[in-house]
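Visitor: Could you walk me through this model, one question at a time?
Guide: Gladly; please have a look at it first.

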Number of protein chains: 2
Amino acid sequence: MAKEITSRSEDYSKWYIDIVKKAGLADNSAVRGCMVIKPYGFAIWEKMQAQLDKMFKETGHQNAYFPLFIPKSFLSKEAEHVEGFAKECAVVTHHRLMNDPNGTGVVVDPSAKLEEELIIRPTSETIIWNTYREWISSYRDLPLLINQWANVVRWEMRTRLFLRTAEFLWQEGHTAHATKEEAIAESEQMLHVYADFVENFMAVPVVKGRKTASERFAGALDTYTIEALMQDGKALQSGTSHFLGQNFAKAFDVTFLGKDNKQHLVWATSWGVSTRLMGALVMAHSDDEGLVLPPKLAPIQVVIVPIPKPNEEIDKVANAIVEQLKAKGISVKYDQDTTKRPGFKFAEWELKGVPVRLGIGKRDLAKGVVEVARRDTKEKSSQPLDGIADYVENLLNDIQENIYSKALTYRDEHITPVDTWEEFKEVLDTKGGFVSAHWDGTEETEKKIKEETKATSRCIPLDGKEEAGTCVYSGKPSKGRILFARAY
Amino acid sequence: MAKEITSRSEDYSKWYIDIVKKAGLADNSAVRGCMVIKPYGFAIWEKMQAQLDKMFKETGHQNAYFPLFIPKSFLSKEAEHVEGFAKECAVVTHHRLMNDPNGTGVVVDPSAKLEEELIIRPTSETIIWNTYREWISSYRDLPLLINQWANVVRWEMRTRLFLRTAEFLWQEGHTAHATKEEAIAESEQMLHVYADFVENFMAVPVVKGRKTASERFAGALDTYTIEALMQDGKALQSGTSHFLGQNFAKAFDVTFLGKDNKQHLVWATSWGVSTRLMGALVMAHSDDEGLVLPPKLAPIQVVIVPIPKPNEEIDKVANAIVEQLKAKGISVKYDQDTTKRPGFKFAEWELKGVPVRLGIGKRDLAKGVVEVARRDTKEKSSQPLDGIADYVENLLNDIQENIYSKALTYRDEHITPVDTWEEFKEVLDTKGGFVSAHWDGTEETEKKIKEETKATSRCIPLDGKEEAGTCVYSGKPSKGRILFARAY
């Protein structure tokens, strides 16, 4: 093994951090709670960004950029919003340093205190809706469909690489509409875009649903969510889309002149996914040897390893394969490092999750074959050199599908309907995953369930059916089942 | 005219701001000195980013992401660096807000004071070199060729959209090398990459040179720069690349084990361009009707306007042209808005700088022609429908070249060699542009020249020749001419 990784069975959390660090995805920084995203990790994030950006543009959105800073007073304008974010704000109070009069180094210059403190954006609804007031005056200005790629800061006390960091990267869509129906349709559309991306590119199956009132975004009337399941049976909220009603239009006085020649408040949505998705990607697929990447997001899809080391004959074959794969748009690396042995390289590329490895050795070449190893199942086979590029292309598709269906099988086996409180607790403790249970609709019950089991309501599935029943906790009447789980 | 723009002759500064705002590039925000980059402006920036990113990757660089925050003590570790940036730092001192005990709204929670203040990065050398200490241990880890796309904050007192804002977007390359020669070669290479981009994509000619000691980046041993000339005769520094020597390696204790089995300090470079380039793009080419965009960076390269409005016949022809142009990778918009007249649309698309406009009217169609208008020269002509896509493709290339050569002619006419102090001042006041003059090599003289004329030394051109002479200001001996100009 190139680098030792804790096994999942031994310590799942440590396994996760080992993979993130040792595969070169990210590392802690000198700043509490902030991470450094390393080149290999960033290359994966760039592939995610490129695909999401394409999907946003195909659905009519444009990118823009709004300030990092939010005046403190803006946050207070929407009551629930400030309640939700005030406790985790990084606050800028001064704009200058000066030499320390009592020693070396620099100190804050007390004369450079800001009149009004600035908050580093934890999310941008307030600064954006303050701007929209200038941009929107007539129904002709609507819908306004804007997205921003940005860094945001939420001062979390307990952080974990990618899953919860003080600073993270994300995109935030902020749209403005003339009607309620249109805004709801937008927030639902973006949930489907997220689900499409997470399932078809990240190969992670999701449950689409709505959050209960207590789990909504601060300031939203309705929050849609996609919930994924990790290999330890814990859920991970992977993307949310909010119908904000007219709350921000009211707070920032954003109205438009309708076709009816009257002034109306504007309807809003916002939606976001973040570098948290990197955590979901790692935890959904990887194994004790390292990262397992879906081919569609792998920065290197194929690696070619000369056995035991490069020579003229092997170089010639390898370079020809590189050309053929590149012509198909497949990213490939020929590992010509002569200082490492094949076994070491195999482990290294497995750790990095490269989907397909081709081994080229003298004996195989004499037979006109190469060794093909797939990362997901670890299967190896000999394949004829002739037509190898087509074979690899198909194999990459197979791997993408296989990773998804493996995760889907696991997920489907871990949605367990329960009808009693005993069962509820037992399933959580023994099997994990989502528990599908009747709930009386009250925040009080959710709270107690959380206190007693650490499980939270994940969502009311969009495809759930109305079904009269009895709350698994309170015994009161329920209108349908919702999903609970322990979650990241 | 759709929207009134101040003419250049009337007020060049106001003309610039009018174009930036009215063409929909950017606007001021509610936060002092911070701008909102609007969708059309951001689309241009995205095209710049995509091309630069490609060029960085082609020269072997990888992207990564480092924290927004820099611990205050890090800044102090490199003496010149802190001197250069301390006076314009946004400082985070607290991490929580609380309800105002004396009223409504929120206030900073005094109990949430940070132990050490955090600076919003004005540039990232310090946090990055602190990280490189962990990443570099052997010559095998070098060179380390990293770039980051990020927002940075420098608390400028006098701001102007794109040219000087408190927050701006940029890329910063930070590379680490085993030898001095390699680091110098890297900083020169990146200067050439920048010049290539600015000249061949932005169509703005530049002078490549080195900064004098007083104009160097804080912490650099040598700063390379590309200097462009705006239409008002003022220079604009458009990109810089720094040879940092071992200053940051010393400050952050970054050493590597060499092939000689000894520890050595690492050599460094950094280089950056920013949204300032958007300002250069606007000021280099635009005219009193609005923006003039080089085709390679125009979000919309061709607009088709139906005359006087869409109908079945015109739609059919327009859609066919759209398909043909798209097949060539040309971005095109068919303006089917029925609420505006052609004349209004013409002005609107001129304001937005779309390089080519096609007018399709009934009478022209009867003759089998369309009207082609080019934005740069405002020339119009009738062109046969047959083969129109090829014609437009060639025309876009012509426009790209014409915009560049126009700017080049202007620039070349505005590099004026002068040999006396009287001439120096007169050229600056009457003609503007770069003044090429002998200088005695002292900071004192630069300072006096600046005080008396507001002109600063722009660069020592890379292609300048050694030539003994007399300093235009002090009369002392000089080794060669350097360029001075009034600058943004």
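The questions and answers below go from the whole chain to the contact and then to single residues.

Visitor: What should I know about the numbering and the confidence limits?
Guide: Residues are numbered from 1 along each chain as its sequence is written, and chains are lettered from A and ligands numbered from 1 in the order in which they are written. This is a predicted model, in which local features need pLDDT of at least 70, side-chain atom pairs count only at pLDDT 80 or more, and totals for chains, interfaces and linings use all residues.

Visitor: Which domains does the assignment give for chain A?
Guide: The bounds come from an automatic or database domain assignment. For chain A they are domain 1 (12-285), domain 2 (300-395) and domain 3 (415-485).

Visitor: How far apart are the centres of domain 2 and domain 3 of chain A?
Guide: The centres of these two domains are taken over C-alpha atoms. Their separation is 49 Å.

Visitor: Which strand gives the largest share of the side of chain A that touches chain B?
Guide: Contact here means C-beta atoms, placed from the backbone, within 7 Å. The contact takes 50 residues from chain A and 50 residues from chain B. Strands are DSSP runs of E, at least two residues long, numbered from the N terminus. The largest share on the chain A side, 4 residues, comes from β5 (residues 91-94).

Visitor: Is A:C89 buried or exposed?
Guide: A residue is buried if 20 or more other C-beta atoms lie within 10 Å of its own, exposed if 12 or fewer, and partly exposed in between. A:C89 has 28 such atoms within 10 Å, so this residue is buried.

Visitor: Which residues of chain B is A:C89 in contact with?
Guide: A:C89 is found in the loop between α4 (79-85) and β5 of chain A. Leaving aside neighbours within four places in sequence, A:C89 is in contact with A:I119, A:P122 and A:W155 in chain A. From chain B, the residues are B:H95, B:R96 and B:L97.

Technical notes: Contact = placed C-beta atoms within 7 Å.
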